[in-house]
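I opened the model and kept notes as I went. The entries follow in the order I looked things up.

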Amino acid sequence: MKKIIYYLIPCVCSLLIIGCSEDDRLIENTEDTTLQDIRQLTDDFLKAQDKITIHTKAIDPAIAAVDIKAAIDSYNNDPSDMDSVYADGIAASGLASSGVAQPNPGSGADNTGNPLDHAGKYHVDILHHQLTQKYNYVAPNGVFNYDRSAEVTRSLLVMYGENVSQSNSHTSSSFNQYYNQLRQELQSVNNLLSEAILKMRAQGKISSLESQILHSYFTMQEGATSLSSYIQYSIQVEQMVLNSSYSQSTKDFLLFTMATARHDFNYWNPYGV
């Protein structure tokens, strides 16, 4: 009897291992399927348009690119400290747009299906507030001040009902240093976020899966001939991510990035169609 039991134990263990391996493969296959679907959607959107480069768009790509990249960097540093994420992204945009005529806030970019859509909405709402009503406060005498920008950002987040840590991720000095490095990084890739994403992957800051998805995502944005086509595409990709088998942390990162990008490009393309 003991011999039979000893024989069965490794068999049962083998079955459990096989079962786990099959589950792992099923998850991997599902992830691959979603990635392929996103790539196919990207190709379909690009084929449906007359491709143009981002440099011919109605906005300076350096403004939106630096804004979104700063938010992504800060989110990767600490996704739990969202008020610092807002502060860094908004400050980068405020600094990049100094001396540039401010746009009227765009509309029609909401995606109620994205649970992190509010991140993009807060981002542009606070940005617009700073660039208009509070611009002299955050940039007295034309000199941008990160601490003042972060203060305005946090006060509005509190008004929106968000919890804030009241601690800045940067000082004005360290932010200026980071901003200069950020601009150099983006200039090295012609302010193309699709290429900046590949660099982040090479530096080990994001996963291969996240890199592949966001590379496709920003490639479509850069090739879009209209703002509306990009927004339509973004909403469809966000739904694919939401319905995927990706880890919650990956979903949150992708959905945050896409919500921020969608609202931000909409803001800087107020007359886009």
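Entry one, a serine. I located Ser211 in helix H9, residues 208-223. Helices here are DSSP runs of H or I with at least four residues, strands are runs of E with at least two, and both are numbered from the N terminus. I then asked: is Ser211 buried or exposed? Ser211 is buried, because its relative accessibility is 4%. Buried means under 20% relative accessible area, exposed over 50%, and partly exposed in between, with a 1.4 Å probe and protein chains only. I listed its contacts, leaving aside neighbours within four places in sequence: Ile197, Leu198, Arg201 and Ile206. Contact means heavy atoms within 4.5 Å.

Ground rules. I note that this is a predicted model, where local features need pLDDT of at least 70, side-chain atom pairs count only at pLDDT 80 or more, and totals for chains, interfaces and linings use all residues. Residues are numbered from 1 along each chain as its sequence is written, and side-chain values use heavy atoms, with hydrogens and water left out.

Entry two, the whole chain. I found eleven helices and zero strands. The chain has 273 residues, and 47% of them count as buried. I checked contacts between residues at least 6 apart in sequence: 76% of these join residues at least 24 apart.

Asn190 is not a glycine, yet its phi is positive, about 55°. Asn190 counts as partly exposed because its relative accessibility is 48%. Asn191 lies in the loop between H7 and H8 as well. Its phi is also positive, near 60°. Asn191 is buried, with a relative accessible area of 12%.

How do H9 and helix H10 (residues 227-242) cross? I read an axis approach within 9 Å and a crossing at roughly 165°. H9 is therefore roughly antiparallel to H10, a label for angles over 145 degrees. Axes are lines fitted to C-alpha atoms over the stretch in contact, and angles run from 0 to 180 degrees between N-to-C directions. From H9, I noted Ser216, Tyr217, Met220 and Gln221 in the contact; from H10, Ser229, Tyr230, Tyr233, Ser234, Val237 and Glu238. By class, I logged five nonpolar, four polar and one charged residues.

Methods. Parallel < 35°, antiparallel > 145°, perpendicular 65-115°, else oblique. Nonpolar A, V, L, I, M, F, W, Y, C, P; charged D, E, K, R; others polar.
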